[in-house]
Amino acid sequence: MTYRRIGLGMAAMALLAGCQSASHRKTDWQTGPPATGHVTVTVNHNDNDAATAAFAFPAVPPPSRVDAATAAQFTLVDGETDPNSGGLDTLHDGQAPTEADQPPANFFFNAGTDGGRLLVDLGQAVKIREVNTYSWHPGARGPQVYELYASDGGAGNFNPRPRRGTDPDKCGWQLVANVDTRPKDSSGGGQYGVSISDTAGAIGQYRYLLFDMSDTEEEDDFGNTFYSEIDVIGADLPAVEAESADQAASPVLFVIPTIDGKCKITIDTRTAPPLADWADHQLAPVLAKWYPRIVALLPSPGFTAPTHYTITVKRMDGVAYTTGTHIFVSEQWIQDQMHGQAIGSLIHETVHIVQQYGWGRRNNPDATPSPDWLVEGMADYVRWFKYEPQSHGADIVWMRKQRNFTPGYDDSYRVTANFLDWVSEKDDPEIVAQLNAAMRDGKYTDELWNRYTGQTVQELGKEWQNQIETQLAAKPASANVPKKGAE
Ligand SMILES: [Zn+2]
């Protein structure tokens with residue numbers, strides 16, 4: 001998958017060039033008449049054979065990973081999300097689909113409905129240079145049909161959530177563009193990039209955008225567009241030279257915001273440049289999405305999770321470690337585990353960034369120590385049971401692969417992770433959050449287990465161990481796998 005920091009200067013030049021040529025290789029090209037004064041709608045289409053994960057178009061920039069929509073709030077004002085869709089997050093997570101028909105990587109309205117209205121709140125008024133929308137589907141769900149309205153929210157009669165039936169024009173909104181990319185002579189399958197811009201340089205200064213999206217056909221129930229990404233490009237961003245997907249090299253040092261905009265993550269591969277591409281395209285999008293989720297899993301009163309942290313990939317012994325808000329990870333480990341444990345191990349380390357057990361201790365002179373087995377078990381619990389349960393890295397599937405395995409609740413890492421999952425399921429789904437909050441305040445004691453479950457941790461551990469051993473006895477252990485993980 002390829003995302004580029006995109007160049008508006010070059011995009012504009014490409015647009016001018018495009019106006020002069022009748023056709024582009026495998027790509028339709030049209031500039032519609034301005035919907036209002038100076039607004040230009042540029043539509044590019046890659047047919048099914050030409051569409052690739054690069055979302056490369058002649059005049060519309062490829063999806064941007066970081067833009068004014070990244071941290072914006074997306075809400076449905078009207079209409080229903082299709083349960084098979086990836087939800088609204090997928091529209092501004094900087095990740096575009098890698099295949100033509102990939103429901104979880106797109107947002108689409110429910111089958112049998114006629115679209116709906118989507119509100120984008122940028123959080124503050126932004127001078128907008130472009131609004132770019134992307135879609136991809138092999139059939140009639142490829143094209144885009146929508147009206148775009150914008151508002152600064154200043155009008156006295158402003159209605160931020162006008163449902164269908166309410167004319168946005170009459171409640172503080174302004175029509176910016178009317179988009180309909182449906183071709184006349186086919187179902188229109190393929191990939192679409194739409195760029196809404198203004199000959200004056202900026203569309204305007206707006207905080208709110210409202211998309212009134214329609215289905216593309218009503219012959220069957222499946223006419224709602226697979227929207228892949230919505231980018232809002234601010235006019236005050238420094239122009240960067242546009243790069244084609246093939247030429248662009250990933251930077252060795254960069255900062256990405258998390259998708260809720262509350263944290264910035266610096267990723268440094270300066271001493272490991274061969275890993276820059278992996279960091280840019282594989283690691284960064286996962287952390288941007290998962291940091292806010294880990295923060296939400298481990299809350300505590302009065303605590304704000306770090307708003308910046310750094311990952312440095314370097315030559316070192318071992319796998320990875322975290323100190324304060326800095327993660328260090330072995331270059332060799334990432335190379336060896338690029339398609340294995342690489343990202344999971346950094347999810348584990350990111351849990352340590354969120355735990356911050358020094359926080360309460362600084363304000364609590366009587367702080368009790370946090371047991372290492374629990375600190376590490378919790379990090380592996382989030383990793384194996386929340387982030388990648390499909391890997392079966394700490395459940396009974398994994399345990400069956402161990403030789404001479406006798407589980408102890410305080411064995412740390414995956415084994416404790418399994419125990420925490422078991423107690424969460426059996427007694428208290430909040431127990432991990434509660435133990436985390438106690439450790440963060442320097443108030444952990446073994447007595448907490450009793451308080452939350454009515455049993456001592458030893459009693460729980462014994463009961464859990466008996467159950468595991470019964471399960472293991474039911475099926476003989478198979479081959480051993482090396483027990484190796486991030487610490
Ligand atoms: Zn650890």
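Predicted model: local features only at pLDDT ≥ 70, side-chain atom pairs only at ≥ 80, totals over all residues.

Colleague: How many helices and strands does the protein chain have?

Modeller: The protein chain has 11 helices and 14 strands; helices (H or I, at least four residues) and strands (E, at least two) are DSSP runs, numbered from the N terminus. Of its 487 residues, 42% count as buried. A residue is buried if 20 or more other C-beta atoms, placed from the backbone, lie within 10 Å of its own, exposed if 12 or fewer, and partly exposed in between.

Colleague: How is a pair of packed helices described?

Modeller: Two packed helices are described by the angle between their axes and the distance between the axes. Here, the axes of α4 (residues 342-355) and α6 (residues 372-387) come within 9 Å and cross at roughly 130°. Axes are lines fitted to C-alpha atoms, for helices over the stretch in contact, and angles run from 0 to 180 degrees between N-to-C directions.

Colleague: Which residues of α4 and α6 meet?

Modeller: From α4, G344, I347, H348, V351, H352 and Q355 meet V375, M378, A379, D380, V382, R383 and Y387 of α6. Contact requires C-beta atoms, placed from the backbone, within 7 Å. The residues of this contact divide into 7 nonpolar, 4 polar and 2 charged, where Ala, Val, Leu, Ile, Met, Phe, Trp, Tyr, Cys and Pro count as nonpolar, Asp, Glu, Lys and Arg as charged, and the others, Gly among them, as polar.

Colleague: At what angle do the axes of α2 and α4 cross?

Modeller: The axes of α2 (residues 276-297) and α4 come within 10 Å and cross at roughly 40°, and the two helices are therefore oblique to each other. Among the residues making the contact are W290 and Y291 of α2 and L346 and T350 of α4. By class, the contact of α2 with α4 has 12 nonpolar, 2 polar and no charged residues.

Colleague: How do α6 and α8 lie to each other?

Modeller: The axes of α6 and α8 (residues 413-426) come within 7 Å and cross at roughly 75°, so the two helices are roughly perpendicular to each other. The contact includes W373 and W384 of α6 and F419 and L420 of α8. Its residues comprise 10 nonpolar, 2 polar and 4 charged.

Colleague: How many residues of α4 and of α6 are buried?

Modeller: In α4, 13 of the 14 residues are buried, so this helix is largely enclosed by the rest of the structure. α6 is mostly covered, with 13 of its 16 residues buried. α4 is followed by Q356, whose phi is positive, near 45°.

Colleague: Where is S64, and is this residue buried or exposed?

Modeller: S64 is in the loop between β2 (39-46) and β3 (73-78). S64 is buried because 23 other C-beta atoms lie within 10 Å. The C-alpha atoms of S64 and D231 are separated by 6.6 Å, although the two residues are 167 residues apart along the chain.

Methods: Residues numbered from 1 in each chain as written. Contact = placed C-beta atoms within 7 Å. Parallel < 35°, antiparallel > 145°, perpendicular 65-115°, else oblique.
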